[in-house]
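Student: Hi! I have a new structure to look at and I'd like to talk it through with you. Could you show it to me?

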Amino acid sequence: MIYQPLGRTGLSVSRLSYGAARPAPREDFLATVDACLDAGVNYLDTAHGYGDSEALLGAHLAGRWRSLVLSTKICPYASFHPRDPWVMTPDEVLPTLEESLRRLRRDHVEIVLAHGLRTPGDVDRWLRDGYHAALLRAREQGKVRFLGMSELSEADGEHAALRHALPTGAFDVVMLTLNFLLQTAAHSVLPLCGEHGAGAVVMMPLNQASPQSGLVSVEAALACVRKHLEAGHLPDDPVYRNPRLFDFLLEGPARSIPEAALRYVLAHKEADTVCVGTRKPERLRENLRALEGGAPYLPDGQLVALRALFGAIRSQIR
């Protein structure tokens with residue numbers, strides 16, 4: 001495993017990390033957690049709203065937390081849907097965190113993220129109206145070490161919320177979307193992370209991954225490109241309808257679309273860790289191949305071609 005400093009936090013994190021949203025059956029989920037630890041993955045990401053993820057991690061990893069970096073999240077909205085309203089009050093922040101700690105069987109977590117802030121106005125509301133202040137009190141009480149935020153890239157493909165948040169200095173760590181079908185963070189958010197010393201955790205390196213549409217196979221990646229065409233995010237050029245569109249990515253060193261997608265993100269040295277929602281140990285082993293050979297991860301020619309093909313996309317799509 002390769003490790004990298006997480007911004008100004010002083011934490012050292014594995015360049016591949018585990019997004020523990022638990023879409024998998026319980027047995028596969030726990031087996032994947034064990035495989036992550038065996039491989040040296042030391043950053044695990046969960047959330048208050050991820051079903052029973054926190055409780056399963058707490059029971060399974062009791063007594064094994066010492067060398068791990070854990071982040072959890074608090075979502076102020078009714079759900080993760082882009083149009084759902086803000087429903088949380090500042091008085092609910094600390095009880096929500098304490099509930100997460102009980103499920104995780106820990107007295108503290110390394111990182112708590114404001115989950116999926118959608119607009120600059122929402123960032124201001126979090127900082128101004130007592131939500132951030134509640135977490136600062138939790139930090140004083142030793143319940144959390146570092147504070148951060150994640151974005152909701154389906155609602156904010158150009159990362160306006162993060163671009164507004166980072167210069168405030170309020171967030172030690174941010175979670176951002178970057179993949180070769182949504183490259184906007186590479187030239188906007190990542191440089192700001194470096195400028196302000198914030199840790200950069202990349203989510204959705206395989207886009208909104210599903211067997212039907214995402215960067216999980218050639219067929220699924222082509223389906224995602226078709227959706228971008230239908231939405232008008234790409235020009236109506238025959239190149240995007242070519243079934244061999246992605247052949248150039250498999251000419252080495254990547255052996256699959258997921259590996260190429262991970263290598264694309266890893267090629268951005270400002271990305272401290274790349275968080276993947278792996279469902280099975282076998283897929284984890286495939287993902288780990290992306291680290292082989294180290295930097296630059298993908299040849300310059302492939303990176304240039306990806307920018308030329310998809311760099312104009314400004315919206316995420318499922």
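Predicted model: local features only at pLDDT ≥ 70, side-chain atom pairs only at ≥ 80, totals over all residues.

Student: Is arginine 255 buried or partly exposed?

Tutor: Partly exposed, with a relative accessible area of 46%.

Student: How many salt bridges does the count come to?

Tutor: The count comes to 18 salt bridges. One of them joins the side chains of arginine 318 and glutamate 154, at 3.0 Å from N to O.

Student: Where do arginine 318 and glutamate 154 sit in the chain?

Tutor: Arginine 318 is in the segment after α11 (300-310), and glutamate 154 is in the loop between β7 (144-151) and α6 (160-165). They are 164 residues apart, so this pair also links distant parts of the chain. Glutamate 154 is partly exposed, with a relative accessible area of 31%.

Student: What about glutamate 110 and arginine 106, are they buried or exposed?

Tutor: Both glutamate 110 and arginine 106 are buried. Their side chains meet in a salt bridge too, with 3.0 Å from N to O.

Student: Let's switch to helices. How many residues of α9 are buried?

Tutor: Ten of its ten residues, and α9 is mostly covered. Among the buried residues are Ile257, Leu262, Tyr264 and Val265, along with Glu259 and Arg263.

Student: What do the buried residues of α9 pack against?

Tutor: They pack against the strands β3, β9 and β10, and against the helices α8, α10 and α11.

Student: Let's follow β10, then. Which way do its residues point?

Tutor: In strand β10 (residues 273-276), Thr273 and Cys275 point one way, Val274 and Val276 point the other way, and all of them are buried.

Student: Which strands does β10 run parallel to?

Tutor: Strand β3 (residues 16-19) pairs with β10 in the parallel sense over three bridges, and leucine 16 stands opposite valine 274 there. Strand β9 (residues 199-203) also runs parallel to β10, joined by two bridges. In that pairing, valine 201 stands opposite threonine 273.

Student: And β7, how many of its residues are buried?

Tutor: Seven of its eight residues are buried, so β7 is largely enclosed by the rest of the structure. Strand β6 (residues 109-117) pairs with β7 in the parallel sense over six bridges, with valine 112 opposite leucine 147. Strand β8 (residues 173-177) runs parallel to β7 as well, over three bridges, and serine 150 stands opposite methionine 175.

Student: Back to helices. At what angle do α4 and α5 pack?

Tutor: Helix α4 (residues 120-128) and helix α5 (residues 131-140) pack at about 50°, with their axes 4 Å apart. That makes α4 oblique to α5.

Student: Which residues meet there?

Tutor: Arg125, Trp126 and Leu127 in α4 meet Tyr131, His132 and Leu135 in α5. Four residues of this contact are nonpolar, one is polar and one is charged.

Student: Last one: how do α2 and α3 cross?

Tutor: The axes of helix α2 (residues 53-60) and helix α3 (residues 93-104) cross at roughly 40° and come within 6 Å. These two helices are therefore oblique to each other. From α2, Glu54, Ala55, Leu57 and Gly58 meet Ser100, Arg103 and Leu104 of α3. That contact divides into three nonpolar, two polar and two charged residues.

Technical notes
Residues numbered from 1 in each chain as written. Heavy atoms only, no water. Axes fitted to C-alpha atoms, helices over the stretch in contact; angles between N-to-C directions. Parallel < 35°, antiparallel > 145°, perpendicular 65-115°, else oblique. Contact = heavy atoms within 4.5 Å. Nonpolar A, V, L, I, M, F, W, Y, C, P; charged D, E, K, R; others polar. Buried < 20%, exposed > 50% of the residue type's maximum accessible area, 1.4 Å probe, protein only. Pairing = 2+ DSSP bridges. Salt bridge = Lys/Arg side-chain N within 4 Å of Asp/Glu carboxyl O.
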